[in-house]
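Subject: A structure for you to explore

Hi there,

Here is the structure I promised to pass on. Have a look at it first, and then read my notes below.

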Amino acid sequence: MSSIPLSSRRVLLVSAAAIASASMFGASAQAQSEARDPLPPVTVQAPDQAPRPAARPKPRATSSASRAVRAANRSTAPARPAAAPAIQQGAGTVPSLTVPTAEQARREIQRTPGGVALVPDTAFKNSPANTIKDALGWVPGVLIQQRWGPDARISIRGSGLSRAYGNRGINPSMDGIPISTADGLFDLYEIDPTAYRYIEVYKGANGLRYGANSLGGAINFVMPTGRDAPEFEARVDGGSFGYLKSQVATGGVAGAVDWYMTMSAQREDGYREHSKTDAERLNANVGYQFSPDVETRFYLNVSRWRAQIPGEVTKDQALNSPRAANPVWVQQDQQRNIDSVRVANKTTLRFGETSVDFGAFVLERHVMHPIYQWLDFHVHDYGGFARATDDRFIGGFRNRLITGVNIQNGTIDINQYWNVGAATKGPLAASYLWKSQNVSAYADNSFYVLPNVAVVTGAQVLHAVRDQQDRYLANGDQSGRRAYNPFSPKIGVLWDVDPAWQVYGNISRSAEVPTYDVTTFASPASTDINAQTATTYEIGTRGRRPDLTWDVSLYRAEIRNELQCLTSPATPGACTIRNADRTVHQGVEAGLGVAFLQSSFAQDDRFWFNVAYTYSDFRFDGDATWGNNRLPAVPAHYVRAEVLYKHASGFYAGPNVEWMPQAFFADNANTLTVDPYALLNFKLGYDDGTGWSGYIEGRNLLDKRYISTTIAVETATAASALFNPGIGRAVFAGLRYRM
C-alpha cells in the first residue's frame, strides 16, 4: 500500500466506502441517533439542546417475554444515580449485546467507587477530531501534552509522566480489547476520534473493570455498531499547517446481522519543520445476534502511519524559533512509520442474572523507525479474555460480582542499525527477540449493605514474564528472563445520596511491569529494573442537578520503584529507565458545569460555563539524591474553562481558555523550568443531530509562544534539548453530513 500515491489512496478509501454504503442501504433501516441529555455527562462538556429526531425502527424485535423479565429485574435494583433518558430504540429495535449503548455504559461506569468519566462522541466530533487531546482534553485528571502533530504524552495521576516517546502506565483498549503491545507500551497513532461512539476513562485502580491495575487506569475506545450508528456519515476537515482529513462511515442492520465501517485519511504539513504526517485508518465490526441473549461480533482495525519527527530543542529555541526542528533530527531524517492489522472477536452470552463476555485477538505490526539508530521491528501479539458478571439478590441483599481472566502474549523481533544519515541503515548495532507473557485474573464485587450503599472489594493477580534473547553478541550476551507476580487488592464504598448524587472512596494497590524498550539485563537471570507498585487512597463525589454537574476526586498515591524515563545527552531521543525509591503523587481532579442566563435571546437557549481543573503534587519522598524535590515533566495546576452559548436550533458559540498558571521543572534537580502560559480559543458551529453540521474553531488566537511538553533528565542546563514548542495560532473548520 505504501507504493500507492497518497491522493490515490484517499480516492480508493472514499470510493470503497461509497460502494459499501450503497450496497448496504437497501438492506438496512434508518439508523437512530443518540437521544440528547438534558444535562451533559460529568466530563465537562456543554449540553446539546436541540432534540434529535426519534429513531426509526429496525428489524428483529426482542420477544416480549424477554423484555418483561429484564424489566422486572431492573425494577428490583436499588437506587443509583439518575442518568439521561435511555436511547429510544423504537418499536422492533434490538440493541447490541456485545457493545453497550452510551447510556448503558454511563449507568455501568457510575457503579464505580472512584474517578471515572464517559465522553460521548457529541463532545469531540464537532472539532478537528485529530488528536487524543481533541477527544479527552476536557476530562479532569487526564493530562495530554502534545509533542508534535498527533503524537502526545498522555498521563493519568502521573502515569508515565517522564516518557520521552510512546506511552505506558495506562491500559488502553478498543471495545475492551487491548491495543498496547504485550509488554505494556502503546502509541496513539491508531486512535481516530471520528471512529468512536464514546470513550470510557477509568482512573487508577478503577480500571479493574477491565482487569487493569496500573497507576493510570484504563481508557476504552468504543466503536458504534450497525444498531446505533447513522446509516451514512461523511465529513471533511481542514485547517492551518496543511491539515486535511476526510472520513466516511456506514452502518446498518439486516435481520440478525449488523455492521459498521469507517475509513479516514489525513495529512498534515505540521507546525514545525520536518513534522509532516499522513495516516489512513479503517475500523469495522460485524455482529450476529443468534437470539436476544447470544451475540458475537468480529472487529477489524487497519492502520498506516507515516511521520517525520522534528525532535526536541532547547528552551530558548522553543520560545524564539518554535517552528524550527532539531538539525540533528533533520540530518538523520528521523521518522516513525507503522503498519498494523488487528483482528478480534467478542461474544456475549446472557443467562438470566448472569452475562458472560469472551473473545480473542491477534495483532501484526511493522515499525520502521529511523531515529539515532534505525529500528526495524515486527510485533506479533495475541491473546484472549473472559469476563462474567452476576447481578442477583443474596439473602435479601443485592450483590454484583465481576470476574475475569486476561491473556496477552507477544513477541517483538527487533533489529537496530546505525543511522548514518538521511534515514539510511548502517551496520547492525543490536538484535533481539523479546517475548512477553501476561496472564491475569481479577474479581470485583459490590455488596449492597443498604439499598443505596455498596461495599466494593476487588483484587487482581498478575503473572508477567519478560524474556530477552540477544542475537548480536559483539558487545556481550544480554539475554535474560524475569518473572513478576504482583497482587493488587482494592476496597471501596459507593453511596448513592440520592438518585443523582454519589459519594465514594477507595483504597487500592497497583503494579506496573517494565516495558521492553527500557529493560536491560544485568545477568542472564535477572534485570536491574523492578516493577512499580503504588497504594492509592481516593475520595470523591459526582452528580447532577437541573442546571449543574460536578465531578471531584481527591487522591494520594504512595509509590515505590517509580519507573522514570530519563534522557541522556549522549543519546538524544532515547531514555534510560530507572527506579526511583519512594515518591508521592497526590492531587485533585475537578469538573464543574453550570447553566445560566437561560432563555435570554430565544426559548430554551442558555449559556454554559465549563471548567476542568487538575492539581498534581508529585514529589520524591526523602530520596537520597533528590530529597523532596518535585518530579519533572508535569504542571502543578492545569485549567481549561469555557463559556458556551447554546441555541435550541443547534447553533453554539463561545470562547475558551487553556491555562497553566505555574512553572514546572524539566529535571529531578529542579534547576530548569517550563514557563506558565495561557491560550485563548474560540469556536462556533451548528449541529442539530442529523443532516448537515459544521464548525469553525480558532486556537491560540493570541499566537502565544509556549512549551507544550518536555522530556525529563536528572540535571538540566540551558543547553539541554528537552522541549517541544506548542502550536501557534491556528484555525480549523469542518463539514459533516449524517443520514
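You will find S616 in strand 29, residues 606-620. Helices (H or I, at least four residues) and strands (E, at least two) are DSSP runs, numbered from the N terminus. Leaving aside residues up to four places away in sequence, S616 touches Q586, R630, V634, P635 and A636; contact here means heavy atoms within 4.5 Å.

A word on the background: this is a predicted model, in which local features need pLDDT of at least 70, side-chain atom pairs count only at pLDDT 80 or more, and totals for chains, interfaces and linings use all residues. Residues are numbered from 1 along each chain as its sequence is written, and side-chain values use heavy atoms, with hydrogens and water left out.

Now for the whole chain. It has six helices and 38 strands, and 61% of its 739 residues are buried. Of the contacts between residues at least 6 apart in sequence, 67% join residues at least 24 apart.

V253, in strand 9 (residues 243-254), is another buried residue, with a relative accessible area of 0%. V253 and Y288 are 35 residues apart in sequence, and their C-alpha atoms are 9.8 Å apart in space.

Strand 13 (residues 335-351) and strand 14 (residues 354-370) pair in the antiparallel sense over 15 bridges; two strands pair if DSSP finds at least two bridges between them. These two strands form a hairpin with two residues between them, and G352 in the turn has a positive phi of about 60 degrees. R350 has S355 in strand 14 as its bridge partner.

Strand 14 also runs antiparallel to strand 15 (residues 373-394), with 17 bridges joining them. Here too a hairpin makes the link, through two residues.

Finally, what is the relative accessible area of V657? V657 lies in strand 31 and is partly exposed, because its relative accessible area is 33%.

Enjoy exploring!

Best wishes

Note on methods
Buried < 20%, exposed > 50% of the residue type's maximum accessible area, 1.4 Å probe, protein only.
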